Amino acid sequence: MTDEPVTLAEVKTHLRLELTETADDDHLGILILAARRAIEKRTGRIVVGDAAAVGGDDVRLVSVSILMLVAAWYSNREAVVTSNAAPNEMPLAVEWLIAPLRRLIC
């Protein structure tokens, strides 16, 4: 498995969950992977692995973005959100955090 920018323990701390093993651990692991991939797609930059194009402070931006995105998905587990937010959009705070990382894709 690829080393993600955030650990399961960091996500559980962010979500204020018990650090002991729970039934949600696998679900959270999938959300971490999905959040990283969504950020890679949105920014056009690889975050982990040999071809990683993110380092230093940018990794910290990605890490916070992953934490926020996982929290949003964990809180809203349904495919459709009934609030005013569009279900296919990233949270605005995440968009602002990753905006400086975006590469222009022509």
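Q: What does the secondary structure of the protein come to?
A: The protein has 4 helices and 0 strands. Helices are DSSP runs of H or I with at least four residues, strands are runs of E with at least two, and both are numbered from the N terminus. This is a predicted model, in which local features need pLDDT of at least 70, side-chain atom pairs count only at pLDDT 80 or more, and totals for chains, interfaces and linings use all residues. Residues are numbered from 1 along each chain as its sequence is written, and side-chain values use heavy atoms, with hydrogens and water left out.

Q: How many residues does H3 have, and how far does it reach?
A: Helix H3 covers residues 57–75, which is 19 residues, and reaches 27 Å from its first C-alpha to its last. That is close to the expected 27 Å, the expected span being 1.5 Å times one less than the number of residues.

Q: Which residues of H3 are buried?
A: They are Val62, Ser63, Ser65, Ile66, Leu67, Leu69, Val70, Ala71 and Tyr74. Buried means under 20% relative accessible area, exposed means over 50%, and partly exposed is in between, with a 1.4 Å probe and protein chains only.

Q: What do they pack against?
A: The buried residues of H3 pack against helix H1 (8–14), helix H2 (25–43) and helix H4 (92–98). Contact here means heavy atoms within 4.5 Å.

Q: How do H2 and H3 cross?
A: Their axes come within 9 Å and cross at roughly 125 degrees. Axes are lines fitted to C-alpha atoms, for helices over the stretch in contact, and angles run from 0 to 180 degrees between N-to-C directions. H2 and H3 are therefore oblique to each other; under 35 degrees counts as roughly parallel, over 145 as roughly antiparallel, 65 to 115 as roughly perpendicular and the rest as oblique.

Q: Which residues make that contact?
A: From H2, His27, Leu28, Leu31, Ile32, Ala34, Ala35, Arg36, Ala38 and Ile39. From H3, Val62, Ser65, Ile66, Leu69, Val70, Trp73 and Tyr74.

Q: New topic. Where is Glu4, and what does it touch?
A: Glu4 is in the segment before H1. Leaving out residues up to four places away in sequence, Glu4 touches Ile32, Leu33, Arg36 and Val48.

Q: Is Glu4 buried or exposed?
A: Glu4 counts as buried, because its relative accessibility is 14%.

Q: And Arg16, buried or exposed?
A: Arg16 counts as exposed, at 77% relative accessibility. Arg16 lies in the loop between H1 and H2, and has a positive phi of about 60 degrees although it is not a glycine.
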